[in-house]
Amino acid sequence: MATARDADRPTSSGWNFGFLGFWVSVPWNALIGIIVIAVLWYPEFAGTLGTAGTWLLAAIFAVLLMVSVLIHEMAHAVAARGFGYHVTGITLWAMGGFTTYRTSDKHGPAREAAIAAAGPVSTLAIAAVAAVLARAAAPDTVFSQILWAVAAANALIGIFNLLPGSPLDGGAIVKSVVWGITGSEFRGQVTAAWIGRALAVLLAITPFAIAYSTGTQPSLPAILIALILAVILWTGASGALKSAEANRTLQHLTAAELAKPVAPVRDLQPLRAFLPLVQQGYLLVVLDTQNQPRGVVSNAAASAVPEAEQDRVTAMDLATRVESIPAVAAADTAVDVLRVCQENRARFVSVIDAGQPSGLIDTDAVFIAEGP
């Protein structure tokens, strides 16, 4: 149920749809989540109906719980949109979901905490409404059983999400508090991440600690659930630590340091005429007859052209096409470059120094690295 910032619209090979102005993705692994939930809660409905009826009740409950998760993420999305942020999408997956949105320069710890808190508040509200309806329903009926199950599950999810460690919503609130006190988003993120790791360890040993204190044997389902949640917490917290380190690095890099020298070329100019600039590491902006940018020459493609073809191949043949090239100041940080890139959905960003273009940043080359 974590929130994420500055991300593209989530894509999924599963079910994708628009809902109340938000883009929702449901990967196929969400179906695994429904099955797992149904299996885990099957014993709660056992004895009410026959085997087939019990499995049907468990499946209905699992679907209702996924709807509850969607409402949880919608609460994050509505809160983010209330601050004027662009919500790029909601993704539901096997063990929960996440919401992605782009912040503005006005973003700060108070807004971060408000968006994070919206999710668990909505989940606890669902639990309260389901409990009220269950009390009003006829006792010991299928309807009341499902309502009580929805109430209990949402209460557990809401409380769990308020635990004070990343990647949970409670971790985002802790991050915001530390950020507000120290003025450092980095310190807030690192604090929440380390608490998240500590919670993961505590969660993993909880079934064994309970069994030891009660003199019983730990149950296999409890161990499996605890370990799954612990792995999710540890992985998310570790990711938050890496993200914090990356953001700190980006804060200390300027646009001028990321830029390469730039030179203009005409769209029909042959490669041989500007090949020396390519060999010197320049990024070449292709201009049309109205001096408007149409593309940026791919240096890799230019270097691969055989010498015999260098008089025939033009700049536009080698160019990555662009609609426009947004700009940043030379003193702006790498974080500013990323923000401008994402807001304009642009790969290339121009660097302006003293009112004049001084370089060009290929964000794919600077920010994207291939994994092992």
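**Entry 1: strands 4 and 5**

I started at Gly 89, whose bridge partner in strand 5 is Thr 100. The model is predicted, and I keep that in mind throughout. I then looked up the pairing as a whole: strand 4 (residues 86-93) and strand 5 run antiparallel and are joined by seven bridges. Is strand 5 mostly covered or mostly open? I found strand 5 (residues 96-102) mostly covered, with six of its seven residues buried.

**Entry 2: the sheet 10-11-12**

Next I traced an open sheet of three strands, in the order 10-11-12. Its pairing is mixed. I noted strand 10 (327-329) and strand 12 (356-362) as the edge strands, each pairing on one side only. On average, neighbouring strands of this sheet are turned by 35° against each other, direction ignored.

I checked what packs on the sheet. Helix 11 (residues 334-344) does, and touches strand 10, strand 11 and strand 12. The direction of helix 11 makes about 160° with that of strand 10.

I went back to the strand pairs. Strand 11 (residues 348-353) and strand 12 run antiparallel, with six bridges between them.

**Entry 3: a nonpolar patch**

I turned to the surface. Which residues form a nonpolar patch there? I listed Val 201, Leu 202, Ile 205, Phe 208 and Trp 234, with about 480 Å² of accessible area together. Helix 6 (residues 185-214) gives the most to the patch, with four residues. I picked out Val 201, which lies in helix 6. Val 201 has a relative accessible area of 44%, so I logged this residue as partly exposed.

Conventions: Residues numbered from 1 in each chain as written. Predicted model: local features only at pLDDT ≥ 70, side-chain atom pairs only at ≥ 80, totals over all residues. Heavy atoms only, no water. Pairing = 2+ DSSP bridges. Helix = DSSP H or I, 4+ residues; strand = E, 2+ residues; numbered from the N terminus. Axes fitted to C-alpha atoms, helices over the stretch in contact; angles between N-to-C directions. Contact = heavy atoms within 4.5 Å. Buried < 20%, exposed > 50% of the residue type's maximum accessible area, 1.4 Å probe, protein only. Patch = residues over 30% accessible without salt bridge, like charges linked within 9 Å, V, L, I, M, F, W, Y side chains within 5 Å. Areas by Shrake-Rupley, 256 points an atom, 1.4 Å probe, with all protein chains shown as cover. Salt bridge = Lys/Arg side-chain N within 4 Å of Asp/Glu carboxyl O.
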